[in-house]
Amino acid sequence: MISAQGIHKSFGHVSVLRGVSLELARGEVVAIIGPSGSGKSTFLRCLNHLETIDRGNITIEGEVLASSEGEAKAQYVGDAEIRKIGRKMGMVFQSFNLFPHLTVLENIIEAPVIVKGLKREAIIPKAEALLAKVGLAAKRDAYPNHLSGGQKQRVAIARALAMEPDILLFDEPTSALDPELTGEVLRTMRELAEEHMTMLVVTHEMGFAREVANRVVFMDGGHIVEQGPAESFFAAPQQERTKAFLQNML
Ligand SMILES: Nc1ncnc2c1ncn2[C@@H]1O[C@H](COP(=O)(O)OP(=O)(O)OP(=O)(O)O)[C@@H](O)[C@H]1O
Ligand SMILES: [Mg+2]
C-alpha cells in the first residue's frame, strides 16, 4: 500500500530524515515509536504530502507520488495525481483539528461534500453510521467544544473514514488525552485494525503497539534503527538504542 524508499528531508540545515525506507502491506497495522524529534511526524507528513521530500521514492498503492534518481532532488507527479493519491489516505492528528463552528455531523460531511462533491443528503446516513461506529451517535448535533478530548478524537477518526481512505495515518492520536480517555480512542483504533484497515500509527502507547500492531518500527535521529513483528520487537529488541528507549518507556 505504501512504499517509501530512501526518504531524505531537511529543514534548512537540519537533516530530519536521513534515508528512511518503509513498506506497508494491505491490512497491516504498523506502529512507529521513537524519541521526540526523531522525525516520526515529519515522515508521516511526507507520506501524506503535507511536507515535500528532498530525496527518495514514495509510491502509494502502486502510484508514484515522488521519485528521485541517485542524489538528485525528488520530482513530484502533477497536482491532479497528487490530489488523487492524497485521497487514498486519511490522517488523524494529535490535536483533532475539528472545525469549531461546525457540528459533529457537519464536520464529518464537510470533506465528502467539498472535496468529493457528494450531496449532503446522500452522505448524511453514512456519516451517522460512522458516528454510531465510533460510539457517538448521540453527539450528532453537538459542537466540538462540548465534547471531551476522547470524543473529539473519535469524531476526527469518523471524519477521516468518511472519505473512504484505503490507508489511515495517525500521529500520536492519544497523546493530548487524559489517560482515562485514551482507552476509548484506542478501542476504536483496535476495531479498525480488526476490520483490516491499513494503518500507520505514530504512538507512545507501548501497550497498543504491542497488542494491535503487526509490526513496530523504532526511529531515532532520522533513521529507522530497528523494526520487527510486535511480539519479538518488545520481547527481544536487538539494538542497544532500542533497548534503552524501551527501558525508559516501560
Ligand atoms: N516545519 C519545520 N521547520 C523546521 N523544523 C522542523 C519542522 N518540522 C519539524 N522540524 C524539526 O524536525 C525534527 C523532527 O521533528 P518531528 O516533528 O518529525 O519529530 P517527532 O519524532 O514527531 O517528535 P515528537 O515525538 O516530539 O512529536 C525536530 O528537530 C523538529 O524541530
Ligand atoms: Mg511528532
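Predicted model: local features only at pLDDT ≥ 70, side-chain atom pairs only at ≥ 80, totals over all residues.
Let me begin with the overall picture. An unreviewed UniProt entry places the feature "domain: ABC transporter" at residues 2–246. Over that range, the chain is 37% helix and 27% strand.

I turn next to the start of the chain. Strand E1, residues 2–11, runs antiparallel to strand E2, residues 14–24, and eight bridges join them. Phe11 stands opposite Val14 in E2. E1 and E2 form a hairpin with two residues between the strands, and here Gly12 takes a positive phi near 60 degrees.

Now to a sheet of the model. In general, strands of a sheet pair through backbone hydrogen bonds, and the pairing can be parallel or antiparallel. How many strands form the open sheet, and in what order? There are six, in the order E7-E8-E9-E3-E10-E11, and their pairing is mixed. At the edges lie E7 and strand E11, residues 223–229, each of which pairs on one side only. On average, neighbouring strands of this sheet are turned by 15 degrees against each other, if direction is ignored.

Please look within the sheet at strand E3, residues 29–33, and strand E9, residues 198–202. These two run parallel and are joined by four bridges. Ala31 stands opposite Val201 in E9. Helix H1, residues 40–47, lies across E3, E7, E8, E9 and E10. Its direction is at about 150 degrees to that of E8, the strand at residues 167–171.

My last topic is the largest pocket, which has a volume of about 650 Å³. Which residues of its lining are the closest to its centre? Of the 23 lining residues, they are Met89, Gly90, Met91, Ala111 and Met163.

Several elements each supply at least two residues of this lining: helix H2 (79–86), strand E7 (89–92), helix H3 (104–114) and helix H5 (149–162). The largest share, four residues, comes from H3.

What is the make-up of the lining, in nonpolar, polar and charged residues? The lining divides into 13 nonpolar, six polar and four charged residues. Thank you for your attention.

Conventions: Residues numbered from 1 in each chain as written. Chains lettered and ligands numbered in written order. Heavy atoms only, no water. 1 Å grid on protein atoms, 1.4 Å probe; cavity = no way out; pocket = protein on both sides within 12 Å on 5 of 7 lines; lining within 4 Å. Points joined across faces, edges and corners; volume = space filled by probe spheres on them. Nonpolar A, V, L, I, M, F, W, Y, C, P; charged D, E, K, R; others polar. UniProt positions renumbered as here; feature names shortened; annotations may be inferred. Pairing = 2+ DSSP bridges. Axes fitted to C-alpha atoms, helices over the stretch in contact; angles between N-to-C directions. Contact = heavy atoms within 4.5 Å.
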